[in-house]
Amino acid sequence: MKKHHVTTTINGEPTEFLCEPQENLLTALRNAVGLTGTKEGCTTGDCGACSVILDGRLVPACLVLAPEAQGRTLVTIEGIASGERLHPLQQKFLEHAALQCGICTPGFIVAAKALLDANPSPTEEETRYWLAGNLCRCTGYDKIIRAVLDAAAEMCNSQLSSLNSQAPLNSQTLSTIHSRVES
């Protein structure tokens, strides 16, 4: 069978790989690209262990055909950190001991990143709803939820500090920020 040549961007880097037409993205990421952080759980899209962000949308890599990555942008667990510096989500997962065996952890972190990209300040209910597609057999979910909420708070505080240090805020800017926070 003829292999497909796929050109894509993975974790900000232009990437090319060869894959079978029926090969799923999870297998291509792990075998052809060498990114083994994305884990195989169920291969039916039910567990969330293989979660990746494809063109800004959270998807289970086991249900996406690898050739569908052509010309698209992917973020995997390997692309969450910034060099040697952990992303706040990764740091909070460590601080809150929100992991056990590690199979589900990359999927939870990627899913939580997608959540915080969409909603930087989620409620506990919104966080639980968003992460409902990720299953863990080892931990209770409370530590995971606490880690995500703590990371969200830290990231919001960091953004506010950054805004405060950039330029003095006039009353119109303050009013705009206030109205966005309330909506």
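The structure is a predicted model, in which local features need pLDDT of at least 70 and side-chain atom pairs count only at pLDDT 80 or more, while totals for chains, interfaces and linings use all residues. Residues are numbered from 1 along each chain as its sequence is written, and side-chain values use heavy atoms, with hydrogens and water left out.

**Overall make-up**

- The protein has six helices and five strands; these are DSSP runs numbered from the N terminus, with helices being H or I of at least four residues and strands E of at least two.
- Along the sequence the pattern is β-β-α-β-β-β-α-α-α-α-α.
- Of the 183 residues, 36% count as buried, meaning under 20% relative accessible area, where exposed is over 50% and partly exposed lies in between (1.4 Å probe, protein chains only).

**Helix α1**

- Helix α1 spans residues 25–33, and its buried residues are Leu25, Leu26, Ala28 and Leu29.
- The cover over these buried residues includes β1 (4–10), β2 (13–19), β3 (51–54) and β5 (73–75).
- Asparagine 24 caps the N-terminal end of α1, with a side-chain oxygen 3.2 Å from the backbone nitrogen of leucine 26.
- Glycine 34 follows α1 and has a positive phi, near 85°.

**Threonine 76**

- Threonine 76 sits in the loop between β5 and α2 (88–95).
- Threonine 76 counts as buried because its relative accessibility is 0%.
- Leaving out residues up to four places away in sequence, threonine 76 touches Ile10, Asn11, Leu29, Leu35, Thr38, Val52 and Val110; contact means heavy atoms within 4.5 Å.
- Its side chain makes a polar contact with the side chain of glutamate 78 (2.7 Å). Such a contact is a pair of N or O atoms within 3.5 Å; within protein, one must be able to donate a hydrogen and the other to accept it, and residues adjacent in sequence count only if both atoms are side-chain atoms.

**Second largest pocket**

- About 180 Å³ of space lies in the second largest pocket. On a 1 Å grid over the protein atoms alone, a pocket is an open set of points with protein on both sides within 12 Å along at least five of seven lines, and lining residues have an atom within 4 Å of a point.
- Of its 15 lining residues, Ile103, Cys104, Leu135, Cys136 and Arg137 are the closest to the centre.

Technical notes: On a 1 Å grid over the protein atoms alone, a cavity is a set of points where a 1.4 Å probe fits but cannot get out, and a pocket is an open set with protein on both sides within 12 Å along at least five of seven lines; lining residues have an atom within 4 Å of a point. Grid points are joined across faces, edges and corners, and a volume is the space filled by probe spheres set on the points.
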